[in-house]
Amino acid sequence: MSTSSEIYSLRINGKEQHVKDSWIGESLLYVLRERLGFMGAKGACEQGECGSCTVLINNDAVCSCLVMAASAIDTDITTVEGLSTQENPTDIQQAFVTEGAVQCGFCTPGLIVAVHHLLESNPSPSEIEVKEALSGNICRCTGYGRIFSAVQLVISQREKSVS
Amino acid sequence: MTIFSPRSLAEALQVIHEHPTARLLAGGTDTMVEINFRHFEPTDIISLRYVTELQAFADQGHNFRVGAAIPYKEFENGSYAHVSRALSEAARTVGSPQIRAAGTIGGNLGTCSPAGDTLPVLSALDAQVELASVNGVRTLSIHDFMLGVKRNARAANEIISAIHIPNIDGYQGYAKVGVRNAMVISIASACLVHDPKNKRVALALGAVGPTIIRCRDSEVWLGENADLSTSAPLSPEVLEEFARRVSSEARPITDHRSTAEYRTHAVGVLAQRLLKRAMQ
């Protein structure tokens, strides 16, 4: 059994990261941003309502604000930074830009992770499945229309590239 | 201040035996909100993430034994969606996909909020709660487990290990009122289970009392005034009287989410709606 109070390590985007001098109650969101410098996941509600802090843990999309960081040892954590590089955005990120789905941009990293997760498990979701999968991500700018258009664009592009 | 990450149920039980004031951490969707808002200052934490026994599932014929740390998503549309239709419907209404991937059925019981979405389902199905400690395992009726607002019968050295959910043939449904369709805490909820073989209907209400309310009087009245051996439609008079009786069994309060009057009305509507769906 492992016990930890002060030093532990997390596997983030495939690399071990050591967390030092932490407090037991710190959320994964706090540790990602304030201790390790991963600024992709955003903090807003801190109660799992807005989805702007969405990351993948063992391929589940979860709110990093509701994960106790020290309990996430030995899991595979993927943040939005782990999905692409600045030079090579994913097709999902590119589609968000193309369709104008990014306005203030605060919700975007969480949405990118949520869309990535959806399309990994269901490559051709129906409209309602897309809405359902993104129901935990709140956007106050776009009215969602452009976000759904971006998802549809990715789906059709991927279908074309397969056929 | 320590976080323990036991790798088996035996280890977890030993840790909680030695640290009975430690907080058990399952999905974290309740505890982390408390911590983030400084309503709870953690000292010792026992993370249940790696206790694989708590993820176990068994179809035992007359019932299902469901590991306490199975997340909502598995009941919603995952591997265990077949256990109970009402449970899938209730799981679907919990928070968001992100919450349902993390939050667990055992955590819902551990928190024991009157608005806990799976709790009316477990009540209407007469589920049993399995509690483990270093001294062994005991099984409690859900009705004896839930004691009040965020109070349950788990002893300090116990871990909720599993829930036994009866396998009942017949209609089961869950309905809930909230301000929007996603990401909402229940204002009022209801679960109805029709068991034609035993000629009975069970109805449980959420968020209208200190804990889940089973509407025993309304159930008995319905049994005396309707043929519950089939699912033939009931007269409007019976449906309305059932709704009226259910409303009178609710014990709601007025709080920041809604008023007692609205909740009383709402559970009657929900009960009638579910009964209509069962009998058609």
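Predicted model: local features only at pLDDT ≥ 70, side-chain atom pairs only at ≥ 80, totals over all residues.

Trainee: How far apart are the end C-alpha atoms of residues 1-170 of chain B?
Mentor: They lie 49 Å apart. The span is 31% helix and 25% strand.

Trainee: And how is chain B divided into domains?
Mentor: Domain 1 of chain B covers 3-166, and domain 2 covers 172-278. Their C-alpha centres are 25 Å apart.

Trainee: How many residues does the contact take from each domain of chain B?
Mentor: Domain 1 of chain B gives 24 residues, and domain 2 of chain B gives 24 residues.

Trainee: Which elements give two or more residues to the domain 1 side?
Mentor: In chain B, those are helix 4 (85-92), helix 7 (119-124) and strand 8 (146-148). Helix 7 of chain B has the largest share of that side, with 5 residues.

Trainee: How does that side of domain 1 of chain B divide into nonpolar, polar and charged?
Mentor: The side of domain 1 of chain B that touches domain 2 has 13 nonpolar, 8 polar and 3 charged residues.

Trainee: Staying in chain B, at what angle do helix 10 and helix 11 pack?
Mentor: Helix 10 (residues 236-249) and helix 11 (residues 260-278) of chain B pack at about 140 degrees. Their axes are 8 Å apart.

Trainee: What do we call that orientation of helix 10 and helix 11 of chain B?
Mentor: Angles over 145 degrees count as roughly antiparallel, and 65 to 115 as roughly perpendicular. At about 140 degrees, helix 10 and helix 11 of chain B are therefore oblique to each other.

Trainee: Is their crossing left-handed or right-handed?
Mentor: Helix 10 and helix 11 of chain B cross in a right-handed way.

Trainee: Which residues meet there?
Mentor: From helix 10 of chain B, they include B:Leu239, B:Phe242, B:Ala243 and B:Val246. Helix 11 of chain B brings, among them, B:Val267, B:Gly268, B:Ala271 and B:Leu275.

Trainee: Switching to chain A. Where are its domains?
Mentor: Domain 1 of chain A is 8-79, and domain 2 is 91-162. The C-alpha centres of these two domains lie 22 Å apart.

Trainee: How many residues are in contact between them?
Mentor: 11 residues of domain 1 of chain A contact 10 residues of domain 2 of chain A. On the domain 1 side, strand 4 (residues 54-57) of chain A has the largest share, 3 residues. That side has 6 nonpolar, 4 polar and 1 charged residues.

Trainee: Now helix 2 of chain A. How does it pack with helix 5 of chain A?
Mentor: Helix 2 (residues 91-98) and helix 5 (residues 145-162) of chain A pack at about 130 degrees, with axes 8 Å apart. They are therefore oblique to each other. Helix 2 of chain A passes helix 5 of chain A in a right-handed crossing.

Trainee: Which residues make the contact?
Mentor: Helix 2 of chain A uses A:Asp91, A:Ile92, A:Ala95, A:Phe96 and A:Thr98. Helix 5 of chain A answers with A:Ala150, A:Leu153, A:Val154 and A:Gln157. By class, this contact has 6 nonpolar, 2 polar and 1 charged residues.

Trainee: How do the axes of helix 2 and helix 3 of chain A cross?
Mentor: The axes of helix 2 and helix 3 (residues 108-121) of chain A come within 10 Å and cross at roughly 130 degrees. The crossing is right-handed. A:Ile92, A:Gln93 and A:Phe96 of helix 2 of chain A contact A:Thr108, A:Ile112, A:Val115 and A:His116 of helix 3 of chain A. That contact has 4 nonpolar, 3 polar and no charged residues.

Trainee: Last one. How many residues of chain A are in contact with chain B?
Mentor: 28 residues of chain A contact 28 residues of chain B. Strand 1 (2-4) and strand 5 (60-63) of chain A each supply at least two residues of the chain A side. Strand 5 of chain A has the largest share, 4 residues. By class, the chain A side has 12 nonpolar, 13 polar and 3 charged residues.

Technical notes. Residues numbered from 1 in each chain as written. Chains lettered and ligands numbered in written order. Domains from an automatic or database assignment. Contact = placed C-beta atoms within 7 Å. Nonpolar A, V, L, I, M, F, W, Y, C, P; charged D, E, K, R; others polar. Axes fitted to C-alpha atoms, helices over the stretch in contact; angles between N-to-C directions. Parallel < 35°, antiparallel > 145°, perpendicular 65-115°, else oblique. Left-handed = near helix turned anticlockwise from the far one by under 90°.
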